[in-house]
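Have a look at the model first, then read on.

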Amino acid sequence: MITDLVRKNRSYRRFYQEVPITLETLKELVGLTRHCASGGNLQPLKYILSCDSEKNALIFKHLAWAGYLKDWEGPSEGEKPSAYIIVLGDTNITKSFGCDHGIASQTILLGATEKGLGGCMIASIERKELQEALIIPGHLEILLVLALGKPKETVVVENVGSDGDIKYWRDSQAAHHVPKRSLNEIIWK
Ligand SMILES: Cc1cc2nc3c(=O)[nH]c(=O)nc-3n(C[C@H](O)[C@H](O)[C@H](O)COP(=O)(O)O)c2cc1C
């Protein structure tokens with residue numbers, strides 16, 4: 001079960017925008033993070049949920065997509081995410097969030113995958129602009145944005161080739177290929 005979920009949980013960047021995600025679903029996904037590990041059990045993360053088109057549009061324009069795909073500017077209208085979860089760090093609790101946001105984000109995406117949804121963690125964010133656009137108070141630091149939707153793309157995971165290139169790429173059918181390092185390469189000893 002976990003193997004299937006982890007394998008299916010790819011970074012998706014094109015979606016059936018017309019398929020909505022409810023606030024209830026977003027709350028359920030964030031609810032999973034309450035069961036996650038947290039350094040010192042501080043639980044310093046907060047979340048902003050968005051599933052309406054107006055708020056989604058505000059968020060979308062401050063994100064950068066797929067840096068390696070130089071001739072693609074991100075999802076076009078009709079293929080944009082249906083929802084977002086913005087992961088914030090509460091600096092009133094701690095100034096250092098360790099890997100809490102990575103653990104929480106992966107958990108949310110695994111939960112989304114189980115529901116037949118998918119998404120992408122996004123760290124390339126115009127943080128100052130998004131902070132202002134959503135009137136996020138200064139003590140909450142934007143850590144990651146999770147884009148969510150019903151995936152509309154095929155993602156192929158393959159082994160890194162002999163040239164060692166790890167850049168993802170798209171083929172002529174627009175399938176998205178993601179090279180992964182071999183088990184032999186990643187186990188040091
Ligand atoms: C911390 C982190 C930040 C990321 N930031 C972005 C981003 O800003 N934009 C984007 O399109 N993808 C982003 N990604 C997605 C990665 O590009 C993706 O994980 C990688 O290409 C491997 O694909 P996979 O997730 O399907 O294994 C990010 C992933 C992580 C873990």
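1. I'd begin with strand 5 and strand 7, which run parallel and are joined by five bridges. Strands here are DSSP E runs of at least two residues, helices are H or I runs of at least four, and both are numbered from the N terminus. Two strands count as paired if DSSP finds at least two bridges between them. To get your bearings, look for Val155, which stands opposite His176 in strand 7.

2. A word on ground rules: this is a predicted model, so local features need pLDDT of at least 70 and side-chain atom pairs count only at pLDDT 80 or more, while totals for chains, interfaces and linings use all residues. Residues are numbered from 1 along each chain as its sequence is written, and side-chain values use heavy atoms, with hydrogens and water left out.

3. That strand pair belongs to an open sheet of three strands, in the order 5-7-6 and with mixed pairing. Strand 5 (155-159) and strand 6 (169-170) are the edge strands, each pairing on one side only.

4. There is also an open sheet of four strands, antiparallel, with the order 1-2-4-3. Strand 1 (45-50) and strand 3 sit at its edges with a single partner strand each, so one side of each has no neighbour in the sheet. From one strand to the next, the twist averages 25°. (Axes are lines fitted to C-alpha atoms, for helices over the stretch in contact; angles run from 0 to 180 degrees between N-to-C directions.)

5. Strand 3 pairs with strand 4 (residues 140-149) over five bridges, in the antiparallel sense. Ile122 is opposite Val145 in strand 4. Helix 2 (residues 23-32) packs on this sheet and touches strand 1, strand 2 (83-90) and strand 4, contact meaning heavy atoms within 4.5 Å. The direction of helix 2 makes about 160° with that of strand 1. Helix 4 (residues 100-114) packs on the sheet too, touching strand 1, strand 2, strand 3 and strand 4, and its direction makes about 15° with that of strand 4.

6. Now, which residues come nearest to the ligand? Of the 14 around it, they are Arg10, Ser11, Arg13, Ala66 and Lys180; a residue is near if one of its heavy atoms lies within 4 Å. Strand 3 (118-122) and strand 7 (176-180) each supply at least two residues of this shell, and strand 3 has the largest share, with three.

7. As for polar contacts (N or O pairs within 3.5 Å), a ligand oxygen is 2.8 Å from an N or O atom in the Arg13 side chain. A ligand oxygen also lies 2.7 Å from a polar backbone atom of Ala66.

Key: Polar contact = N/O pair within 3.5 Å; in protein donor to acceptor, adjacent residues only side chain to side chain.
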